[in-house]
Amino acid sequence: MNQCGELMESMRGRTWVRHVDSVIKLVASISPCVFLYDQYPLQLEVTLRRNDEESLGSALAVERAKTQRNSTDADIRRILDAVGLVACRRCSAPAFDPTTVRTNRAGLCESCFLDDLRRESRRAEDAERKAIAARDRRMKRSGHAVRVTAWVHPVQGGDDYQVDWYFETRPTHAQIRRLLHEMRSRVCDDYQIIAL
């Protein structure tokens with residue numbers, strides 16, 4: 001191992017701190033992927049913290065010209081020093097400057113970003129509930145009495161997914177298990193029976 005590689009190995013698990021002011025600091029560590037892949041660019045996980053250790057969000061700072069083989073402590077400090085902060089465009093709390101780090105916060109602080117995310121999630125859930133209720137009403141008018149909502153857990157792996165089946169009469173557990181088996185689900189008892 002060369003001298004820089006040995007230095008990088010000694011930096012595994014270490015943190016670097018940059019005090020922004022008397023209350024706010026940036027805490028950085030080297031991302032694990034840098035140690036796993038020889039040619040991976042030097043990447044720091046940077047957390048914005050209040051001195052009482054309250055996390056105000058995290059972002060990634062990357063130096064593409066550096067890898068674990070040619071990085072030094074001075075490189076890490078330089079990258080951390082280049083991380084910029086801005087006032088949140090909504091509430092003025094500290095936020096990462098998106099021009100200096102990789103983040104999907106677009107100049108919002110963590111709190112405002114998460115509020116937006118929760119609001120968006122609630123809207124999507126409401127829209128989905130309304131769509132299911134409308135479909136249930138249509139299926140009931142066409143003579144169906146029961147909806148079975150099941151989760152398929154693919155035998156070959158991959159993401160689980162939801163399926164809905166409608167029946168004119170309540171199906172047996174054996175019927176539902178058979179349907180899930182035909183869908184090649186490795187779990188055949190993850191379902192709900194909902195009366196319309």
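Helices (H or I, at least four residues) and strands (E, at least two) are DSSP runs, numbered from the N terminus. This is a predicted model: local features need pLDDT of at least 70, side-chain atom pairs count only at pLDDT 80 or more, and totals for chains, interfaces and linings use all residues. Residue numbers start from 1 along each chain as its sequence is written, and side-chain values use heavy atoms, with hydrogens and water left out.

**Exercise 1. Describe the largest cavity and its lining.**

Step 1. Rolling a probe the size of a water molecule over the atoms shows where empty space is left. On a 1 Å grid over the protein atoms alone, a cavity is a set of points where a 1.4 Å probe fits but cannot get out; lining residues have an atom within 4 Å of a point. Grid points are joined across faces, edges and corners, and a volume is the space filled by probe spheres set on the points.

Step 2. Search the whole structure. The largest cavity holds about 30 Å³ of space.

Step 3. Read off the lining. It consists of Leu48, Leu56, Gly57, Pro94, Ala95, Phe96, Arg105, Leu108, Cys109 and Glu110.

Step 4. Assign elements. E4 and strand E6 (94-96) each give two or more residues to this lining. E6 supplies the largest share, 3 residues.

Step 5. Sort by class. Ala, Val, Leu, Ile, Met, Phe, Trp, Tyr, Cys and Pro count as nonpolar, Asp, Glu, Lys and Arg as charged, and the others, Gly among them, as polar. The lining of the largest cavity has 7 nonpolar, 1 polar and 2 charged residues.

**Exercise 2. Explain why the buried residues of H3 line one face of the helix.**

Step 1. H3 spans residues 73-82, and its buried residues are Asp75, Ile76, Ile79 and Leu80.

Step 2. Look down the axis of H3: the buried residues fall within an arc of 130 degrees, so they line one face. The arc is taken over the directions from the helix axis to the C-beta atoms.

Step 3. Turn to the other side of H3. Ala74 and Asp81 are exposed there.

Step 4. Find the cover. The buried residues of H3 are covered by elements including strand E1 (16-19), strand E2 (24-30), strand E3 (42-50) and strand E4 (55-63).

**Exercise 3. Work out the surroundings of serine 185.**

Step 1. Serine 185 is in the loop between helix H5 (173-182) and strand E9 (191-195). Its relative accessibility is 4%, so serine 185 counts as buried.

Step 2. Inspect the polar atoms. A polar atom of the serine 185 side chain lies 2.9 Å from the backbone nitrogen of histidine 153. The backbone oxygen of valine 187 lies 2.6 Å from a polar atom of that side chain.

Step 3. List the contacts. Residues up to four places away in sequence do not count; serine 185 touches Trp151, Val152, His153, Val155 and Leu180.

Step 4. Compare sequence with space. Serine 185 and proline 154 are 31 residues apart in sequence, and their C-alpha atoms are 4.6 Å apart.

**Exercise 4. Which residues other than glycine have a positive phi?**

Step 1. Serine 92 is one of them, with a phi of about 75 degrees. Serine 92 lies in the loop between strand E5 (85-87) and E6. At a relative accessible area of 55%, serine 92 is exposed.

Step 2. Alanine 106 is another, with phi near 50 degrees. Alanine 106 belongs to the loop between E6 and helix H4 (110-141). Its relative accessibility is 43%, so alanine 106 counts as partly exposed.

How values were computed
Buried < 20%, exposed > 50% of the residue type's maximum accessible area, 1.4 Å probe, protein only. Polar contact = N/O pair within 3.5 Å; in protein donor to acceptor, adjacent residues only side chain to side chain. Contact = heavy atoms within 4.5 Å. 1 Å grid on protein atoms, 1.4 Å probe; cavity = no way out; pocket = protein on both sides within 12 Å on 5 of 7 lines; lining within 4 Å.
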